[in-house]
Amino acid sequence: MTANVPIAKRARPAVVAAFDRIARFYDAAILQRVAYRPNHDAVVSELRSGGAQRVLDVGCGTGILATRIWRDLRPEVIYGCDPSSGMLRQARQRSRDVRWLQGSAEQVPLDDGALDAVVTTEAFQFFDQPAALNEFFRLLEPGGFVVIAMLTAPVSAVSVLTRLAPARWPTRERLRRMLEDAGFEVHHQHPVRPLLGPLSPGFATVAVRR
Ligand SMILES: C[S@@+](CC[C@H](N)C(=O)[O-])C[C@H]1O[C@@H](n2cnc3c(N)ncnc32)[C@H](O)[C@@H]1O
């Protein structure tokens, strides 16, 4: 998928290679239940109240959330997109109802205005964030919305360390500004508390495409 894609629109190779390596063990991680599920719950709840029918989960990983969106909400169509072949292999085994796509948040193989909602959990920190938000804007119809949910680096020491790692967690304020710059109106931001509580604070942001 990458042969003709400009570098800036690819996911970072080191990140993709890391997820390829851990894909087989990813679902077994206690992390799934303890830390990630609250953000999945938040996304499902936002999609339910927004009534979205054409939904993309980007950075879908092994497809736990996209499969749940299909099972719980039965939208017209649900896509799961990820650059990692390893993660997508697990996802394809999980569901045939979700349409799995190999691509990056910076370049999703769907037409302009193809979607009512784009969601992403625990993946935004790996994206080229301004490029990804421009891509979400392109993919959404006016009035469509994004839900971005993630745990954040808990303490400043971790934040310092993550500057060395290929992940960038924006603050709420920074994410709000980036969304506005990309043409979105932030509707709300709220904390999402995983069982780890204050050790790993998370938040969800919902923004509407103008
Ligand atoms: C921590 S996993 C999260 C998976 C899933 N969303 C979840 O909640 O369990 C991060 C995922 O982001 C994907 N990813 C990394 N860089 C990406 C990019 N630029 N575009 C889209 N997905 C990316 C990885 O391949 C991986 O599957």
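Among contacts in the protein between residues at least 6 apart in sequence, what percentage join residues at least 24 apart? In the structure before you, which is a predicted model, that share is 69%.

Let me begin with the overall architecture. The protein contains seven helices and seven strands. The protein has 210 residues, and 53% of them count as buried. Its accessible surface amounts to about 10,300 Å², and carbon and sulfur atoms account for 54% of that surface.

I turn now to the ligand. The shell around the ligand consists of 22 residues, with Tyr26, His40, Gly59, Asp82 and Thr121 being the closest. Sorted by class, this shell comprises twelve nonpolar, seven polar and three charged residues.

In His40, a polar side-chain atom is placed 2.8 Å from an oxygen atom of the ligand. Thr121 likewise has a polar side-chain atom facing an oxygen atom of the ligand, at 2.7 Å.

How much of the ligand's exposed area does the protein bury? Taken alone, the ligand exposes 600 Å², and the protein buries 98% of that area. As for the secondary structure involved, the elements that contribute two or more residues to the shell are α1, spanning residues 13-26, and α2, spanning residues 30-50.

Conventions
Residues numbered from 1 in each chain as written. Predicted model: local features only at pLDDT ≥ 70, side-chain atom pairs only at ≥ 80, totals over all residues. Heavy atoms only, no water. Near = heavy atom within 4 Å. Polar contact = N/O pair within 3.5 Å; in protein donor to acceptor, adjacent residues only side chain to side chain. Areas by Shrake-Rupley, 256 points an atom, 1.4 Å probe, with all protein chains shown as cover. Helix = DSSP H or I, 4+ residues; strand = E, 2+ residues; numbered from the N terminus. Nonpolar A, V, L, I, M, F, W, Y, C, P; charged D, E, K, R; others polar. Buried < 20%, exposed > 50% of the residue type's maximum accessible area, 1.4 Å probe, protein only. Contact = heavy atoms within 4.5 Å.
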